[in-house]
Amino acid sequence: MDVDIVKKAFADHFEGQCAVYASPGRINLIGEHTDYNGGFVFPGAVDCGIVAAILPNGLDKVRAYSVDMNESAEFGLKEEDAPQQGWAKYIFGVCREMAKLGVEVKGFDCAFAGDVPLGAGMSSSAALESTFAYAINDLFAGNKIDKFALAKVGQMTEHHYVGVNCGIMDQFASVFGKKGNLMRLDCRSMEFEYFPFDPQGYKLLLVNSVVKHELVDSPYNKRRESCERVAKALGVETLRDAEAEDLERIKDEISEEDYKRAKYVIGEKQRVLDVCDALIKGDYETVGARMYQTHWGMSKDYEVSCEELDFLAELAEKCGVTGARIMGGGFGGCTINLVKEELYDDFVSAAKREFAAKYGHEPKIYDVVISDGARRLE
Ligand code: ADP
Ligand code: MG
């Protein structure tokens with residue numbers, strides 16, 4: 001995140017002494033497809049994100065410049081003033097959602113840039129939303145809006161102004177991130193806890209397959225329906241309240257497919273808890289083992305993997321990588337990998353070489369370091 005570039009862009013387009021804000025993207029170490037089952041997710045903020053230079057302009061409009069798109073946008077602050085540019089919709093949406101919380105959002109000038117790879121599963125959009133939600137809270141609301149509400153502002157921006165019906169995890173992680181810590185968020189109670197993540201001697205990296213399989217019918221809705229059917233059969237609200245033994249008891253009453261879906265979800269709840277225990281002990285081998293279990297659960301039981309991601313997980317195993325799994329919903333995108341430093345170079349070159357030999361293009365590699373959440377820089 002290059003603060004100087006953003007400040008220079010601000011000076012080139014606007015006048016005055018700006019404040020500078022930043023928010024990160026995120027990874028999710030483990031806990032996938034658990035949110036809509038009332039379970040746990042386990043994200044952390046990363047060391048890439050969005051930086052914005054902002055100054056109130058005394059007008060009733062926002063003037064924004066995107067360094068990365070090399071584009072300007074200008075829009076009013078009323079509901080009917082939505083801008084055309086996709087990126088500007090996020091800023092507009094955040095202004096509107098903050099106004100809905102009673103904040104008197106006024107006009108401002110801003111320039112911003114980012115280094116979260118777009119659409120790679122690190123949630124560049126949440127980084128963008130959190131940056132502006134944090135800034136508006138600081139500039140126009142005396143920071144009276146609490147951090148959870150800021151995360152919700154980002155989520156509601158996606159729902160109401162972008163058309164993406166996302167959960168709260170991405171924005172939550174971007175706002176609450178803390179250097180050297182992951183956060184276990186309970187998606188039922190919305191309570192969360194920090195856990196130390198300081199893998200000395202290991203590196204955390206994402207391997208982006210750069211494939212995304214578009215599927216004809218909606219596999220996510222079908223997964224959700226399976227989970228709901230099993231919860232109902234068990235007489236619980238969500239699978240969060242079910243244990244493996246409960247599932248075995250009703251195995252004959254449900255379809256083979258529903259059984260497998262629920263088996264994954266119930267297993268995943270336990271894996272998140274196991275990883276938390278392991279982190280407290282500094283036992284990164286167990287963390288890695290659970291990551292592989294999640295991968296193969298997503299692949300064989302939940303059936304949301306794809307050939308390329310299975311290939312990357314197998315390759316990781318073959319290279320002696322401590323843990324690897326699909327990150328995100330599935331059917332493409334990245335794997336997240338925990339690898340010993342001494343194996344890092346060999347793994348990265350093998351992943352590039354062998355993946356390219358089979359699929360015709362190299363995967364993209366991103367190293368990540370767990371970092372702080374939304375903040376004012378100057
Ligand atoms: P992701 O998984 O990275 O969140 P999304 O499709 O949800 O992918 O969000 C990407 C969108 O967010 C981009 O199309 C763009 O509109 C906006 N965005 C993210 N980062 C930037 C940036 N650095 N500059 C401008 N717009 C950005
Ligand atoms: Mg997004």
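The model is predicted. The domain assignment divides the chain into domain 1 (3-196 + 371-376) and domain 2 (202-367). Between these two domains, about 2600 Å² is buried, and the rule finds three salt bridges across their interface.

**Domain arrangement and interface**

- Domain 1 is assigned two segments, 3-196 and 371-376, whereas domain 2 is assigned residues 202-367.
- A distance of 28 Å separates the C-alpha centres of domain 1 and domain 2.
- The contact between the domains involves 26 residues of domain 1 and 39 residues of domain 2.
- Of the roughly stated total, about 2600 Å², carbon and sulfur atoms account for 67%.
- The size of an interface is often expressed as the accessible area that is lost when the parts come together.

**Polar and charged pairs between the domains**

- Three salt bridges span the interface of domain 1 and domain 2 by the rule applied.
- There are also 14 residue pairs in polar contact between domain 1 and domain 2, counted with both residues at pLDDT 80 or more.
- On the side of domain 1 that touches domain 2, the elements giving two or more residues are β1 (19-28), β7 (181-186) and β8 (192-196).
- By class, that side of domain 1 consists of 12 nonpolar, eight polar and six charged residues.
- A salt bridge joins the side chains of D186 and R240, with an N to O distance of 2.8 Å.

**Salt bridges in the model**

- Side chains of opposite charge can pair when their charged atoms come close.
- D170 counts as buried because its relative accessible area, 18%, falls under 20%.
- R26 is likewise buried, at 8% relative accessibility.
- The side chains of R229 and D258 form another salt bridge, also with an N to O distance of 2.7 Å.
- This pair links distant parts of the chain, with R229 in helix α6 (residues 219-234) and D258 in helix α8 (residues 256-281), 29 residues apart.
- R229 is partly exposed at 44% relative accessibility, whereas D258 is buried with a relative accessible area of 5%.
- R353 and E354 meet through their side chains in a salt bridge of 3.8 Å, N to O.
- R353 counts as exposed because its relative accessibility, 52%, is over 50%, while E354 is partly exposed at 25%.
- E257, K260, R261 and E303 are joined into one network by salt bridges that share partners.

- D109 is located in strand β6 (residues 108-114).
- With a relative accessibility of 4%, D109 counts as buried.
- The side chain of D109 is in polar contact with the side chain of N57, at 2.9 Å.
- Leaving aside residues up to four places away in sequence, D109 touches F10, F14, A53, I54, L55, N57 and R63.

Conventions
Residues are numbered from 1 along each chain as its sequence is written. Chains are lettered from A and ligands numbered from 1 in the order in which they are written. This is a predicted model: local features need pLDDT of at least 70, side-chain atom pairs count only at pLDDT 80 or more; totals for chains, interfaces and linings use all residues. Side-chain values use heavy atoms; hydrogens and water are left out. Domain bounds come from an automatic or database domain assignment. Contact means heavy atoms within 4.5 Å. Buried area is the accessible area (1.4 Å probe) that two parts lose on being put together, summed over both. A salt bridge is a side-chain nitrogen of Lys or Arg within 4 Å of a carboxyl oxygen of Asp or Glu. A polar contact is a pair of N or O atoms within 3.5 Å; within protein, one must be able to donate a hydrogen and the other to accept it, and residues adjacent in sequence count only if both atoms are side-chain atoms. Helices (H or I, at least four residues) and strands (E, at least two) are DSSP runs, numbered from the N terminus. Ala, Val, Leu, Ile, Met, Phe, Trp, Tyr, Cys and Pro count as nonpolar, Asp, Glu, Lys and Arg as charged, and the others, Gly among them, as polar. Buried means under 20% relative accessible area, exposed over 50%, partly exposed in between (1.4 Å probe, protein chains only).
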